Amino acid sequence: MTATGWTLDELTARVAAALEGTAYAGAPNGRVRDVPDARAIRWYATIGLVDRPTMRGRTALYGPRHLAQLVAIKRRQSEGRRIADIQIELAEAPDDVLWEIADLPRHEPSRTRFWTEPPAPHTPPPAPPPALLSGVPLGGDVTLLLPGTPGPDDVAAIQAAAQPLLDLLAARGLTRATTRQPVRDPSPE
């Protein structure tokens, strides 16, 4: 089914599938077909037994109600009822009556107008666990935070590389005067 319906051929195939393998005995005489063809479906729509299809350009589109109407008609014909009697019973019948007579599984209408529904609540993906940070004192009141634990040689190299930055920060008055901190092992004792 497209977003708005089935073509006439698709509807005919669905009617045949719905009647196949059920308690449907078929037509009681040779004058009535077991499954309606395209011409019969158009005639049913003309006499008001089946709802008129929705048109998209020159293409007629049918939905689940049409399917229920056609299967219900065929079930009543298999009981030997005349089309005039079926027309009196089923013309403009509510959906629950049609589905009961057709003996079809209950149809849940598709949500073709999704833009009219409020959006589902958004649940963001879980945040990754926070990384454990290690602080490397660079001098004065400046500490470099790292996601891993550096070894003693790493701390000495980081402090040496950071000295020009510390001098610039002190010259601009953004930190206290820098003095090198003695290299300590940051691992817990």
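## Contacts across the chain

Let's start with who touches whom in this predicted model. Take the contacts between residues at least 6 apart in sequence: 56% of them join residues at least 24 apart.

## Surface and burial

How much of the chain counts as buried? Of its 189 residues, 30% do.

## The order of the elements

The chain has six helices and four strands. Reading from the N terminus, you go through α-α-β-β-α-α-α-β-β-α.

## A look at T12

Now for a single residue. You'll find T12 in helix α1, which covers residues 8–19. Is T12 buried or exposed? Its relative accessibility is 19%, so T12 counts as buried, given that the cut-off for buried is under 20%.

Which residues does T12 touch? Leaving aside anything up to four places away in sequence, T12 is in contact with V35, P36 and I41.

Next, have a look at strand β3 (residues 134–139) and strand β4 (residues 142–146). These two run antiparallel, with five bridges joining them. To see how they line up, find P137: it stands opposite T143 in β4.

What sits between the two strands of this hairpin? There are two residues there, and in the hairpin G140 takes a positive phi near 60 degrees.

While you're looking at strands, here's a handy rule: in a regular strand, side chains alternate between the two faces of the sheet.

Terms used:
Residues are numbered from 1 along each chain as its sequence is written. This is a predicted model: local features need pLDDT of at least 70, side-chain atom pairs count only at pLDDT 80 or more; totals for chains, interfaces and linings use all residues. Side-chain values use heavy atoms; hydrogens and water are left out. Buried means under 20% relative accessible area, exposed over 50%, partly exposed in between (1.4 Å probe, protein chains only). Contact means heavy atoms within 4.5 Å. Two strands pair if DSSP finds at least two bridges between them.
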